[in-house]
Amino acid sequence: MAFMRLGSKSEAFHREGQTWLCTTGLVSDVTIEVGDMKFHLHKFPLLSRSGLLEKLIEESSSDDGSSCVLSLDDIPGGGKTFELITKFCYGVKIELTAFNVVSLRCAAEYLEMTDNYGEGNLVGMTETFLNEVFGNWTDSIKALQTCEDVIDHAEDLHIISRCVDSLAIKACADPSLFNWPKNATNGQNTEDESHLWNGISPSGKMLQPTGEEWWFDDASFLNLSLFKRLITAIESRGMKLENISMAVMYYTKKHVPLMNRQVTMDEQVIETPNTSEAEQKDALEEIIGLLPTKKGVNPTKFLLRLLQTAMVLHTSQSSRENLERLIGNQLEQAALVDLLIPNMGYSETLYDVECVLRMIEQFVSSSEQSGMVPSPCIIEEGHLGKDGAEMLTPPTLVATLVDGYLAEVAPDVNLKLAKFEAIAAAVPDYARPLDDGVYHAVDVFLKAHPWITDSEREHICRLMNCQKLSLEASAHAAQNERLPLRVIVQVLFFEQLRLRTSISSWFFVSDNLDNPEHQNGGNGGGLLKPRGENVRERVSELEKECMNMKQELQKLVRSKRSWKNFTRKLNFKKKSECCKPKDPEAKQAI
């Protein structure tokens, strides 16, 4: 750490309680009070160095030459700083360091200790040393921390802005160029790096950060106002937004202890100071404003944890809205477990579904504005399995996430039907290639709410498109006694259409195989002929199966007995005695 020695004389003062006395043997002729401390000094050493003290001594001196008493309660740095200034005036040895140079510089300015009152006065000496401090990262951080005690004076002298600019330049450059101190192991961390998070070992020991995040820990010791200024300066100098976000994350975990109550088993807890909830609330509202707004820069898991903490601390509505907006813009990156936000309000539901609904709506709105809207289509059976990677668009990922969320919150008996439908309908139809997820969520809701009316069952089932159910989901739905009969009939109807489509494709293949041009090509027609015969046999079987299903569907609308026989022949294991279809409705569905 940099230092500068001033003066040459040995110690000339001793302390008795809150009183400082000079040991020169001369009777004191001026007493200066700084807070609770009293300094019994001599006029000449003081007025020869300080313009302010010269004026005050002249104004308070009496004609009889008696001792005068001065009060300097407003001096920057208080009694501790004035002690060093007194020693400087008497020529006693003192040492300038990064810890005291800021307060000494401010006090020297306050006392008007310029070169007009003696060459090599304190203003010039502290200014020279400050320039040396600004050349070193560690000293600059320490000096900036001490600015908190003399914030107004340091601001007027532009010490804070100069220090912040110096740190911003170093943070955006290679740390090895600025005398970054290595730890005791010469930069070699003895802890297993696989068990570290941002330089924190399992034992809680802070290790020397490396890479682009080397400055995070030092910056986290600053108070929030100075940290904000440093982050703003670093960002203006072109630092990557990802690094800005990580620095804010590190600072948040250290100064908002409530965040650490939500860490998982594989995360390490940062040691945090004792902070009241009111202080954490104020800090959190300021921190939210520091987060970069660009999509994908802030980890969604961190944002959701931040949102939960904001709810617990009852931060301002605007702060929570900003977080919901950030999360909604990148909702496809969220995990289901992080969306299960406990309800902190007066609602009866277990989870905060209103908050999730707002984030879904924000995602849909931002997606439409960015043009992320594919043309609507129905996925053919088997297509999703082959080209699944191509179908994982952000809207599709969000649709899957929302369907999973609905299945998790559906068992809550206090969840209203209207709110369930609002969340499910918030996802546009084009985002769901298949409706298996929403069907599962509807089924869970019907099972947890058996008291809802038939009309409500009909209404909730409109959330799913029977044409977009997979074979497995269709088979389950056809046997599901919780579904209205109209829905079951629709499922069977679309299964028949699917069979007809399959038959048409087999006919197309069969015609191509019977074409002489195909038979004469390739490895010879003799090899393809048996395959064509197998195709025709399969087509014949499908035709018979389709005809049987059509006959059974026609019988379905005539009697309850026919419905039982039909389900028994198709191996439906669920009971369907509760289904009593009316002829006009069944015919219309078919």
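A: **The setting of arginine 432**

A polar atom of the arginine 432 side chain lies 3.2 Å from the backbone oxygen of alanine 424. The model is a predicted one, and arginine 432 sits in the loop that runs between α20 (417-426) and α21 (436-448).

The side chain of arginine 432 also makes a polar contact, at 2.9 Å, with the side chain of aspartate 403. Leaving aside residues up to four places away in sequence, arginine 432 touches Ala399, Asp403, Ala424, Val427, Val438 and Lys468. Is this arginine buried or exposed? Arginine 432 counts as buried because its relative accessibility is 5%, and the cut-off for buried is under 20%.

Attention may now turn to a nonpolar residue, phenylalanine 420. Phe420 is among the residues with the most contacts inside the largest nonpolar core, together with Ile32, Val102 and Trp215. That core has 151 residues. Beyond residues up to four places away in sequence, phenylalanine 420 touches Leu406, Ala410, Leu415, Ala441, Val442, Phe445, Ile460 and Leu463. In soluble globular proteins, nonpolar side chains tend to be buried together.

Finally, a word on confidence. The average pLDDT of the protein is 80, and 72% of the residues score at least 70. Over residues 376-390, however, the pLDDT is below 50, and this stretch has 13 contacts in the model beyond near neighbours in sequence. Residues 518-532 likewise have a pLDDT below 50, with 9 contacts beyond near neighbours in sequence.

Definitions and conventions. Residues are numbered from 1 along each chain as its sequence is written. Side-chain values use heavy atoms; hydrogens and water are left out. A nonpolar core is a set of buried Ala, Val, Leu, Ile, Met, Phe, Trp, Tyr and Cys residues joined through side-chain atoms within 4.5 Å. Buried means under 20% relative accessible area, exposed over 50%, partly exposed in between (1.4 Å probe, protein chains only). Contact means heavy atoms within 4.5 Å. pLDDT is the predictor's confidence in each residue, from 0 to 100. Helices (H or I, at least four residues) and strands (E, at least two) are DSSP runs, numbered from the N terminus. A polar contact is a pair of N or O atoms within 3.5 Å; within protein, one must be able to donate a hydrogen and the other to accept it, and residues adjacent in sequence count only if both atoms are side-chain atoms.
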